[in-house]
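Please open the structure in a viewer and follow the stops below in order.

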Amino acid sequence: MKALTYHGPHRVRVETVPDPILEQPDDIILRVTATAICGSDLHLYRGKIPGTDHGDIFGHEFMGEVVEAGSEVTNVKIGDRVVVPFVIACGDCFFCHLHQYAACENTNSGRGAILNKKNITPPAALFGYSKLYGGVPGGQAEYVRVPKANVGPFKVPLALPDEKVLFLSDILPTAWQAVQNAGLDKGSSVAIFGAGPVGLLSAACARLVGAEEIFMIDHNAYRLEFARQRYGVTPINFDEIDDPAGWIIDHTQGHRGVDAVIDAVGFEAKGSLTETVMSNLKLEGSSGKALRQCIAAVRRGGVVSVPGVYAGFIHGFLFGDAFDKGLTFKMGQTHVQAYLPRLLSLIEQGLLTPEEIVTHHMPLEEAARGYEIFEKRKEDCRKVILVPGMASTTPAT
């Protein structure tokens, strides 16, 4: 089969690799009909995630048709059309019974990104996300093995096009959890840092639950303009406004700040020179600039919701300010399986239209170009969907 494989920072290519096979009785084999490039994939692409080896297959947002099923698979059958959560959960452990699927105790042979691990179990395995998260091959491929198929794969109606339901695999539940963690409801105010796919869908979800005022902070003008037109956000370009948090404080009632903030940026935020040097010297795992802005922009007693990925040490984390303001922090990987029925219903009702953020449909064979376009923000790219078997979009020469 064809699959997107890693060969060092900024070097990926589509090549022929062995077809996946059933390894456990509750596995399925999926023929992939659509897969996407996620912002989290860029951390891998840039060589920022330890345990990523040459030949690794990326991709944790994918869907398709079940073509093989193990003897113990009862949840789906051959021919079913399913979306697959990026989190691999067993369904039977302590955390799965709490519906905290991203903390599953039984699927990850790696250690996760935690530094001070002690004897706690690692988090759940993830598709296509290094040995830290189980070393499970991802879905940017023609076929993929899906473990724990009685818990993960989620059947979707044939009437809905792939692009409407594909993001149930990751970024839509991630945005929904971020909004739920932020405690937003009718009349709330929120500042969303990052106008990438998760940030944009967080704005969509915030509007749906009734948020009245949404600030969005980024430095990609075309993404901010899309968010302004589609979700009615107040855009803040940090290349033009050096202190977005200060601007937000000055433009909220009583100079209090917003009720909640959502950090949809994560550890590769554009930080200070000091942070850049420390990161390059491996003295720091993450830039803290976005989090500092979040802490500054939120009102006293507010909530900081963090769907963006962080790892390791952070320079200049203003914990004293967070204490002084009495803030609540809620964060972590998404418990995807917990939200799928509700989100599918919202899509079917037309209340959420996640496909609107897509700008590029490309053949799987052009995945390397898709990564470059997405990373460099070329062609006003917001989101790339890769389609196995799709005709080439590159003119013949």
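**Stop one: a buried cysteine**

Select C104, which is placed in the loop between α2 (94-97) and β7 (125-126); helices (H or I, at least four residues) and strands (E, at least two) are DSSP runs, numbered from the N terminus. This is a predicted model, in which local features need pLDDT of at least 70 and side-chain atom pairs count only at pLDDT 80 or more, while totals for chains, interfaces and linings use all residues. Residues are numbered from 1 along each chain as its sequence is written, and side-chain values use heavy atoms, with hydrogens and water left out.

C104 has a relative accessible area of 0%, so it counts as buried (under 20% relative accessible area, 1.4 Å probe, protein chains only). Leaving aside residues up to four places away in sequence, display its contacts (heavy atoms within 4.5 Å): C104 touches I88, A89, C90, C93, F95, C96, P122, P123 and A124.

**Stop two: a buried serine**

Next, select S130, in the loop between β7 and β8 (143-146). S130 is also buried, at a relative accessible area of 5%. Not counting residues up to four places away in sequence, S130 touches L44, I49, P50, G51, T52 and G135. A polar atom of the S130 side chain lies 3.2 Å from the backbone nitrogen of L132.

**Stop three: two helices**

Finally, select α4 (residues 171-182) and α5 (residues 197-208). Which residues of α4 meet α5? I171, L172, T174, A175, W176, A178 and V179 in α4 meet P197, V198, L201, S202, C205, A206 and L208 in α5.

Conventions: Buried < 20%, exposed > 50% of the residue type's maximum accessible area, 1.4 Å probe, protein only. Axes fitted to C-alpha atoms, helices over the stretch in contact; angles between N-to-C directions. Polar contact = N/O pair within 3.5 Å; in protein donor to acceptor, adjacent residues only side chain to side chain.
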